[in-house]
Amino acid sequence: MSTAPFRVTRLDSAHNRSVFDCASEPLNQYLRERVTADIRRRVTVCFVALAENNRIAGYYTLASASLLLADLPNAVGKKLPRYPTVPTVRMGRLAVDQAFKGQGLGGALLADALHRALRSEIAAYALLVDAKDETAAAFYRHHGFIALPDSPLTLFLPLASVPQSSE
Ligand SMILES: CC(C)(COP(=O)(O)OP(=O)(O)OC[C@H]1O[C@@H](n2cnc3c(N)ncnc32)[C@H](O)[C@@H]1OP(=O)(O)O)[C@@H](O)C(=O)NCCC(=O)NCCS
């Protein structure tokens, strides 16, 4: 994953969300209209990558989640304790504005999310993502994520496999 010259910070009311365009209207609309209410209800946090003039170049959301042990691939699940669920962190949404695509920002935001999950004082086994389509799933597989056997658009990356030195 490459890093790009952007500043990553929590979304706040000073950031202009109206011009953000990642070519996916549901992801644009979520940032424009819904994320603030979700943050207020404490069901998500949102981080933005800021380019020059504080323009939002990309964003992602994070929340606690759990995964059924039985949904993991057998080879992975058998190495974990026999509790019904496994604690995870879910990156619910990830999007890069079209003007900034292909510059390493998506990969950099993914790395940022992984390191935030690793630095947390609350245990999580993996970062979990819901890919919106096969193209997004291919992006996550490119970065080492593993699809759930019965749900190929849900993918996870064990945090123990993330090199801590790249923080
Ligand atoms: C998917 C998305 C976040 C990628 O962002 P980006 O900034 O263009 O991607 P990057 O430039 O960081 O690419 C990083 C790496 O991923 C690879 N990559 C990008 N898209 C890929 C894809 N669909 N399949 C496989 N690899 C992909 C790049 O080739 C690059 O590889 P490298 O590091 O080995 O050179 C962006 O295209 C986007 O916002 N798409 C619309 C919303 C979306 O699909 N979100 C996904 C979550 S549902």
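Here is what to select, stop by stop.

Before we start: this is a predicted model, where local features need pLDDT of at least 70, side-chain atom pairs count only at pLDDT 80 or more, and totals for chains, interfaces and linings use all residues. Residues are numbered from 1 along each chain as its sequence is written, and side-chain values use heavy atoms, leaving out hydrogens and water.

**Stop 1: aromatic pairs.** The whole structure holds 5 aromatic pairs (ring centres of Phe, Tyr or Trp, the latter by its six-membered ring, within 6.5 Å; planes under 30 degrees apart are stacked, over 60 edge-to-face, the rest tilted). Select F6 and F100: they pair edge-to-face, 5.7 Å centre to centre with 80 degrees between the planes. F6 sits in the segment before β1 (7–10) and F100 in the loop between β5 (94–96) and α3, so the pair ties together parts 94 residues apart in sequence. Both F6 and F100 are buried (under 20% relative accessible area, with a 1.4 Å probe and protein chains only; exposed is over 50%, partly exposed in between).

**Stop 2: a cluster.** Now pick F139, Y140 and F145, which form one aromatic cluster.

**Stop 3: charges over rings.** Select R93, which lies over the face of Y30, 3.6 Å from the ring centre (CZ of Arg or NZ of Lys within 6 Å of the ring centre and within 35 degrees of the ring normal). Then try R116, over the face of F47 at 3.9 Å from the ring centre.

Notes
Helices (H or I, at least four residues) and strands (E, at least two) are DSSP runs, numbered from the N terminus.
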